[in-house]
There are 2 protein chains.
Amino acid sequence: MAGNANRIYNFSAGPSMLPLEALETAASEMTDYNGSGQSVMEMSHRSKVYLEIFEETKAALRAALAVPDTHEILFMQGGATFQFSAVPLNLLEGGTADYAVTGNFAGIAAEEAGKYGGVHVAASSADRNHTYIPAAAELKPSPDAKYFYYCSNNTIYGTEWKYTPETASPLVCDMSSNILSKPVDVSKYGLIFAGVQKNMGPAGMAVVIIDKTLAGRELPYTPKVMSYKVAIEKDSMDNTPPCYTIYMLGLTLKWLAKRGGVPAMEKLKTERAALLYDYLEESKLFHAVADRSSRSDMNVTFRTDGAETDKAFVKAAENAGFANLAGHRLVGGMRASVYNAMPVEGVQKLVAFMKQYEAAEPC
Amino acid sequence: MAGNANRIYNFSAGPSMLPLEALETAASEMTDYNGSGQSVMEMSHRSKVYLEIFEETKAALRAALAVPDTHEILFMQGGATFQFSAVPLNLLEGGTADYAVTGNFAGIAAEEAGKYGGVHVAASSADRNHTYIPAAAELKPSPDAKYFYYCSNNTIYGTEWKYTPETASPLVCDMSSNILSKPVDVSKYGLIFAGVQKNMGPAGMAVVIIDKTLAGRELPYTPKVMSYKVAIEKDSMDNTPPCYTIYMLGLTLKWLAKRGGVPAMEKLKTERAALLYDYLEESKLFHAVADRSSRSDMNVTFRTDGAETDKAFVKAAENAGFANLAGHRLVGGMRASVYNAMPVEGVQKLVAFMKQYEAAEPC
């Protein structure tokens, strides 16, 4: 059990574990934030006490990811799916964009972009059920693309881009499931977005990091809430922002900074992933699903040789306090999502349990 | 002080006060919901434990507002501003809609609808700075409108519709600031929406109540997250919903049910508003802004005869523990927002303070 008595190890792909410290602070400040006599949930978003939380959180995110001044940080409601529409509405200008379709959500994003202009599939891993990431040499960007879109970590398939594509057009990346897990050179990107419910906070928001020169190109029928230009001009407050979600992101970023920031997170994620993949290499019962060169450090997909055996394992693990290990319904098998807030100890205990389970099972 | 020692009376127009009981429950369940070993923030939205919260909350809202089976309840991110776009994208079909412009947000909604089709201003109170609601006989709906849109309570101006318009086209209503404050005949409406951050929970979501026969008319370029059809088909879970906000809405609805439901809220809001308006009638220092027949029971706008005197009062009130009494920056003056969670005692104390202040001030 992690931290306090009854806490489970939650391997959910998102929403997912949050730092216990952040939750404890939230609980202690719930009815009275810092002597203000109110909950953060109750604060006017225009009040001084709230604006301090807002600015602090933005600054902490800028520091954590070393976001350069050329880029603005936006907090937008609607999660990544909202961005699947916002990106083409703002950046496509009726032209064509490149999409690397290496998983389910990149595919949905490409489909959505098709409503607003041309979509060129610049890479796809559909031929082998998205178990790999195409090599840099295999990418086929189109000559006049408005942007190049990819999803840096595919939660469902358990694959992760190990390189940053080099493209002539602005790079747009969905980093929902691996943001803050390793350093990123933000200056290489035109736009990064990430739903917060994996590495950053409770569901209900996406963080957008945008090169300011890309704002102001939206199609005339872009909903006002989706305009990056409006969001930049109004500092994410054209309408009431999801104030409490921003506060929780702030608490998570405080925890992250105290633990050593993104470089420390990278060390920990490498450690967690190695524990799992090393065991999967040697196991006779379980095997990893993704190609070795493309394996995600955030979502470890694995399976046995049969769907029934998979199910039995998921159930046994659940009973032992390891929750949400079932794979996504599109692919079955198992998936251990091991984001920043998952203690290394949780993975050690899971691997110990898997070993024990394997030893007890007739293969 | 309300409930526990340091709580202030918060007259913010939104986000605003929440029931202390809901906040205390949230705090106590923060790191371990009901023995599940996890926070509600950490739960997979597909997990059994979360789906119970989701279904319970939906059922509680259906019960509180007596929503008939003809109507579906949706939880959508993005607040009311998101709905300003979603309504015309889903219902306008390139035709024309009627808008009653009785305040700032109805005006923004009409402007947004203009991106997607024709807008006919069926009523306006702009001639007297939105200090009144036009009478039923003054509404001028157009013959082939796709819908008739109005905002039932204008937070900034402190006016409230005391009647439900009778129109040939489906009625669409923004009830953000008075939902759950009085019974509503939902069957009269094609669509009701409300940002939750006033009477229902923390900012970051709107509740949509839609006549199911209105779904499926969206324009081809409607973003997927804005499609009512998709939201109905996927029970608000095409993408990850704002899980924790829904949970907080559920806690607020539990509190509401325990206090006697919407009829009890109506009684309380009448009591709160009368305390303020009765005093404003007799006061020589303060006077109410809105026409008597159109006064809001949720947002009581008032002023003295000078901006400086207003400012001095707001400051004195703040120091005495009555927060956020400044009027909206568009209109100045004062505004006391007295939503469901504001204790009657808070209003009694505010009126006592105002009387005392008036007695001490040279008029």
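Which strands of chain A does helix H7 (residues 261-282) lie across? In this predicted model, helix H7(A) lies across E11, E12 and E14 of chain A and runs at about 20 degrees to E12(A). Helices (H or I, at least four residues) and strands (E, at least two) are DSSP runs, numbered from the N terminus; axes are lines fitted to C-alpha atoms, for helices over the stretch in contact (heavy atoms within 4.5 Å), and angles run from 0 to 180 degrees between N-to-C directions. Local features need pLDDT of at least 70, side-chain atom pairs count only at pLDDT 80 or more, and totals for chains, interfaces and linings use all residues. Residues are numbered from 1 along each chain as written, chains are lettered from A and ligands numbered from 1 in written order, and side-chain values use heavy atoms, without hydrogens and water.

The three strands form an open antiparallel sheet in the order E11-E12-E14, where pairing requires at least two DSSP bridges. E11(A) (287-288) and E14(A) (334-337) stand at the edges with a single partner strand each, so one side of each lacks a neighbour in the sheet. E12(A) (residues 299-303) is joined to E14(A) by 4 bridges, and Thr301(A) has Arg335(A) as its bridge partner.

Turning to the two chains, chain A can be laid on chain B with an RMSD of 0.0 Å by a turn of 180 degrees and a shift of 0.0 Å along the axis, superposed by least squares on C-alpha atoms of residues with pLDDT of at least 70 in both. That is the relation of a two-fold axis. Ala27(A) comes closest to this axis among chain A residues, at 2.2 Å (C-alpha).
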